[in-house]
Amino acid sequence: MKYRLDRKFFEFQNMIPGTLGAYSKIFGNDDFDPTSKVKTVTFQITESCNLCCTYCYQTNKTKNVMPFEVAKKFIDLLIDDSYKDNTYFSMKETLGIVVEFIGGEPLLEIDLMDKITDYFRNRLIELKHPWIRHFRISMISNGVLYDTEEFQTFLKKNQKIMSFGISLDGCKELHDACRIFPDGSGSYDIAVKGCIDYMKRYDPDMSTKMTFAPENIEYAYDAFLNLVSLGYKTIQCNPIYEDKWTEEHPRIYYKQLKKIADYILDNDLYTYLFFRPFEDTAGRRIDPEVDNRNYCGSTGHMISCDYKGDIYPCIRFMKTSLGDNVVPFKIGDIYNGINFTAPDKERVNLLDSITMTSQSDDECINCPIASGCGWCTAYNYQVTGTPNKRVKSICGMHKARILASVYYWNNVYKKGGYDNEPYPMNVPKEWALDIISEEEYDMLVNLVDSV
């Protein structure tokens with residue numbers, strides 16, 4: 001009997017803290033200690049963007065750009081030897097560093113990005129800093145400026161230490177419904193041109209990420225087909241966390257995911273393709289006695305700096321994301337450090353106290369399909385006034401995803417002859433019938449029993 005192939009694909013942005021396995025694609029296997037921690041340091045180099053995506057969480061963009069002197073001081077703070085024992089961002093425990101550039105659209109400030117990269121790398125070399133062997137840069141772009149001479153020069157110069165992706169929402173209809181220029185025109189043709197070129201010249205295994213929103217969820221299947229036709233083998237996607245989903249959307253999502261599952265099965269793509277909604281570890285109960293983590297990485301696994309030099313747990317705690325009516329959740333600045341002033345310490349202590357159970361109500365804590373359900377700590381703060389209270393806007397979408405996973409995985413196990421336990425039907429019937437028919441529910445239950 002065969003066992004299902006181990007998953008070989010890793011989402012670069014979300015594997016934090018990382019181990020050798022999670023970061024093997026980025027850092028390689030050369031003597032990287034499997035117990036070491038990798039953290040992401042984000043430079044919001046510009047608050048401006050050349051697109052006006054309808055689902056963008058950054059609702060308060062400006063023309064502000066990070067001065068190079070601010071970036072330098074942020075870097076010097078991070079690598080200062082006296083800072084190694086900082087209780088929030090310990091250099092001593094951070095043996096690998098991912099420098100992430102973000103906007104707005106980061107390629108609008110390519111010259112600044114180049115100067116920051118050079119300065120960070122050169123300082124590590126000068127100091128013989130341990131991060132120099134495990135130093136990488138990362139960015140996601142909308143692709144509009146991909147073929148400019150400035151970015152192509154930067155890409156060739158840094159490709160060996162760089163993780164790069166272009167946001168591509170699947171197919172033209174889905175992409176152009178949301179990822180638009182200020183005049184309302186779509187950006188798909190430009191973005192896909194950059195994707196094809198990058199995969200051809202630099203990385204044939206380039207991954208992409210689709211964002212599902214109410215405006216485009218009905219195109220999920222068509223989007224998937226297009227990405228497969230372009231050669232993608234790793235497809236990340238997730239619904240937005242914002243409270244915009246209706247009772248009808250999970251029904252649409254299930255039908256779209258089931259069509260995708262059938263295509264994967266009919267074409268034997270399950271042997272190598274990774275499609276994020278189908279994770280066989282999702283859809284189980286979580287035992288708080290065993291695992292009570294806050295899965296959002298913004299509570300200690302990443303830090304972000306804005307153009308003023310203020311430091312945040314992640315960019316979604318900044319004013320660009322929170323808007324004018326919510327106080328930004330600052331935890332430090334480049335002049336005083338992280339977790340230094342009394343207000344900063346109070347916020348850090350609050351972040352440190354967050355667990356899965358501390359932020360969840362009884363329904364979430366006792367949920368039989370809790371594993372794999374996501375949340376955003378910053379969005380929690382934006383909506384409820386505290387990062388320690390969970391917003392459950394995607395509850396219905398998660399249920400639909402798990403129902404589709406029951407269909408997908410049990411068919412994979414049967415078709416491939418894998419010696420696996422059935423993927424369980426843990427979705428209570430009353431929940432399932434809000435999304436699928438009783439006949440469909442019975443089919444899924446029978447499918448589980450047949451494995």
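Trainee: Which helix gives the most to the lining of the largest cavity?
Mentor: Helix 14 does, with 3 residues. Helix 12 also supplies at least two residues of that lining, as does helix 14. Helices here are DSSP runs of H or I with at least four residues, strands are E runs of at least two, and both are numbered from the N terminus. Bear in mind that this is a predicted model, in which local features need pLDDT of at least 70 and side-chain atom pairs count only at pLDDT 80 or more, while totals for chains, interfaces and linings use all residues. Residues are numbered from 1 along each chain as its sequence is written, and side-chain values use heavy atoms, with hydrogens and water left out.

Trainee: What makes a space a cavity and not a pocket?
Mentor: On a 1 Å grid over the protein atoms alone, a cavity is a set of points where a 1.4 Å probe fits but cannot get out, whereas a pocket is an open set with protein on both sides within 12 Å along at least five of seven lines. Lining residues have an atom within 4 Å of a point. Points are joined across faces, edges and corners, and the volume is the space filled by probe spheres set on them. The whole structure has 4 cavities of 30 Å³ or more, and the largest cavity comes to about 170 Å³.

Trainee: Which residues lie nearest the centre of the largest cavity?
Mentor: Cys364, Cys367, Cys373, Arg390 and Cys395 do, out of 15 lining residues. By class, that lining has 9 nonpolar, 2 polar and 4 charged residues. Nonpolar means Ala, Val, Leu, Ile, Met, Phe, Trp, Tyr, Cys or Pro, charged means Asp, Glu, Lys or Arg, and the others, Gly among them, are polar.

Trainee: How much space lies in the second largest pocket?
Mentor: About 250 Å³. It has 14 lining residues, and Thr246, Glu247, Pro250, Cys395 and Gly396 are the closest to its centre. Helix 8 (248–266) and helix 14 (395–416) each supply at least two lining residues, with helix 14 giving the most, 4 residues. The lining splits into 6 nonpolar, 3 polar and 5 charged.

Trainee: How do you know that the length of helix 8 agrees with what it should span?
Mentor: The expected span is 1.5 Å times one less than the number of residues. Helix 8 has 19 residues, so it should span 27 Å, and its end C-alpha atoms are 28 Å apart, which agrees.

Trainee: What do the buried residues of helix 8 pack against?
Mentor: Their partners include helix 7 (220–230), strand 6 (234–239), helix 14 and helix 16 (438–450). Contact means heavy atoms within 4.5 Å. Among the buried residues of helix 8 are His249, Tyr253, Leu257 and Ile264.

Trainee: Why is asparagine 380 called buried?
Mentor: Buried means under 20% relative accessible area, exposed over 50%, and partly exposed in between, using a 1.4 Å probe and protein chains only. Asparagine 380 has 0%, so it is buried. It sits in helix 13. Leaving aside neighbours within four places in sequence, its contacts include Gln359, Trp375, Lys389 and Arg390. Across the chain, buried residues make up 56% of the 451 residues.

Trainee: Why is the meeting of arginine 401 and glutamate 279 called a salt bridge?
Mentor: A salt bridge needs a side-chain nitrogen of Lys or Arg within 4 Å of a carboxyl oxygen of Asp or Glu. This pair meets at 2.7 Å, N to O, so it passes. Arginine 401 lies in helix 14 and glutamate 279 in the loop between strand 7 and strand 8, so the pair ties together parts that are 122 residues apart in sequence. Arginine 401 is buried, at 9%.

Trainee: What makes lysine 392 partly exposed?
Mentor: Its relative accessibility is 29%, which puts it in the middle class. Lysine 392 meets aspartate 361 in a salt bridge of 2.8 Å, N to O. Elsewhere, salt bridges that share partners join Asp114, Asp118, Arg121 and Lys157 into one network.

Trainee: How many salt bridges does a search of the whole structure find?
Mentor: It finds 25. Another of them joins arginine 293 and aspartate 291 at 2.9 Å, N to O, and aspartate 291 is buried, with 18%.
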